[in-house]
Amino acid sequence: MREITTCSRRNFVRGAALGAAGLAAVGLTACAQPAAKESMADAGDGAAPELAPADETWETDVLVIGLGASGLQAALGAAAQGVGVLAVDQAPDMVGTTNITTSGYLCVGDKLQMAQPYHYEVREVFDKLNEYSNYCFNTQVLKAILDASSRSSNNLIDAGLPVKVVELPERKELTGPTLGQICGHAYDCKGQERADIFQAALDKAGVDSRYGVTAEQLVFDGDEIVGVRCTQDGKAVDVNAKAICLCTGGFLGNEDMVAQYFAGSRVVPMGNPACKGAGITMALSAKGQMGKAFSLSSNEYGGANFDASPMFAFRPGSGSNEALRLVLLGSIIVDSQGNRFVSEEIANKEAMHCAEPFIRAKTYYTVVDQDFIDYVKSKPLGETMGDGRMKKMFADVMIETLDDDLEAALAEGWVAKGDTIAELAAAYDLPDLESTIETYNGYCETGVDEQFYNAPEFLHKVATPPFYIVQSFPAGWLTLGGVKCDASCQVVDADNKPVEKLFIAGADADLFCAPYIAGGSANGFAQASGLIAGESAAALAKAS
């Protein structure tokens, strides 16, 4: 492989079309950029900064950036083709990657599912996902992912990862929200145990895994991608590669990018805040084209707030402030003007798949009175949580700490308390709140919700002081939506032409639809797309 001449005028990083704020957020240098349609060779002096010589140079056939769900599979897939694979991650070890705390994944037709009394075929799942999403998927990519999902799952099973297939007593009709339940697997280990299994699989495959390595920018010779500039322990490292797989986990930790692609919203990160869009930025710097569908796998456990500690509601026993759960238990929800904007019944029953209204709202509030607080404390949470998985998880959980948690939230500033609705409205500047509550209470008295048609059991009159208002923000495990790719997971430009040497997978890629419609599909799509990207990159490396 040709070595990079780091002091050459033609060797430089190309900045992404995200603006200075987006570049700074992923550790890139904000600088004057050439026009998108100009070749870098024609951009002229001063179009982009030259790179200083690297302290070290590493060589590989395939470079995988990121070792989360997609990066792990990309590395395994490439190594299985007999090429040299170097995989890097900025975490200090495998435990710090995004793939250690996830719950499970969707796949179709792996060896565990095939051993069940019945299973579903790729065609059935393909048809239902398309139908349920109103045909919003890139169907060539979707088909490739579903075809590869059994192989990516078998990679984990063969590595000894304990997973449990969902077993059902009878065949059920496939619908969007239940696809993950029907076609999913749940991990039966986490933390260090899971990390050890993943690392052992990489080692057995001959993958060179290096941690504490931050990939920062593509390196070009003219218009040709020749490698990636990384840093490790304060040193600049150039990695020369014949093909590159971008698997950096999306941009959940980059507030500027989240605001840009999520309608100005702020999103509380439940996943890895170190995922700042580096892979996406690099793809855009090579004239890759951003996709158009952006969504979240949102928080089905409750609400979230940047000022809360912890910032989001989570599993039983996780230390969550129970006041955050109030936003999904069926009481009135309003926007930053104090107006209802979502069916509280739908938000309760479809919490994971109801991100879009909350993303649009950006900041939202639930209002409860003392009667509702007493009602929630009187029964297990499973009786008031509508998501099926949450009902089971919280079936015997009583929120005995709610009073103390409300006091803690008041001190942190994301809950307000008052003897009148006017006091609550003033606390968060919600000019329409009083009139909204008056109208809503009328619906509660008649049992008929004339605005959003909630069933009577989701109409809780707000009438008995003291009153509480809980502020919340959208929250999610990762951003869903990224750079366009073809069925081989190769980055494509605005004209859908492949970008040479560059492959993309997982949350960095445009694989998903909005809204997120199938539990486990984020992780499952990441795994399968990573496998495709790694195999495709290896084929290119072997041919070069």
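S320 touches P310, F312, A313, F314, R315, R325 and D405, leaving out residues up to four places away in sequence, where contact means heavy atoms within 4.5 Å. This is a predicted model, in which local features need pLDDT of at least 70 and side-chain atom pairs count only at pLDDT 80 or more, while totals for chains, interfaces and linings use all residues. Residues are numbered from 1 along each chain as its sequence is written, and side-chain values use heavy atoms, with hydrogens and water left out.

S320 sits in the loop between strand 12 (295-298) and strand 13 (333-334); helices (H or I, at least four residues) and strands (E, at least two) are DSSP runs, numbered from the N terminus. A polar atom of the S320 side chain lies 2.7 Å from the backbone nitrogen of F314. Setting aside neighbours within four places in sequence, I399 is in contact with E322, V376, K377 and L381, and the C-alpha atoms of I399 and K377 are 5.9 Å apart although 22 residues separate the two in sequence.

Both residues can be listed by accessibility, with buried meaning under 20% relative accessible area, exposed over 50% and partly exposed in between (1.4 Å probe, protein chains only).

| Residue | Relative accessibility | Class |
|---|---|---|
| S320 | 9% | buried |
| I399 | 3% | buried |

Across the protein, buried residues make up 58% of the 544 residues, and the secondary structure comes to 17 helices and 19 strands.

Turning to helix packing, helix 2 (residues 69-79) and helix 17 (residues 521-543) pack at an angle of about 35°, with their axes 7 Å apart; axes are lines fitted to C-alpha atoms, for helices over the stretch in contact, and angles run from 0 to 180 degrees between N-to-C directions. The contact includes A69, S70 and Q73 of helix 2 and N523, A526 and Q527 of helix 17.

The axes of helix 5 (residues 139-158) and helix 17 come within 7 Å and cross at roughly 95°, so helix 5 and helix 17 are roughly perpendicular to each other, a term for angles of 65 to 115 degrees, with those under 35 roughly parallel, those over 145 roughly antiparallel and the rest oblique. Among the residues that meet here are L142, A144 and I145 in helix 5 and F525, Q527 and A528 in helix 17.

Note on methods: Polar contact = N/O pair within 3.5 Å; in protein donor to acceptor, adjacent residues only side chain to side chain.
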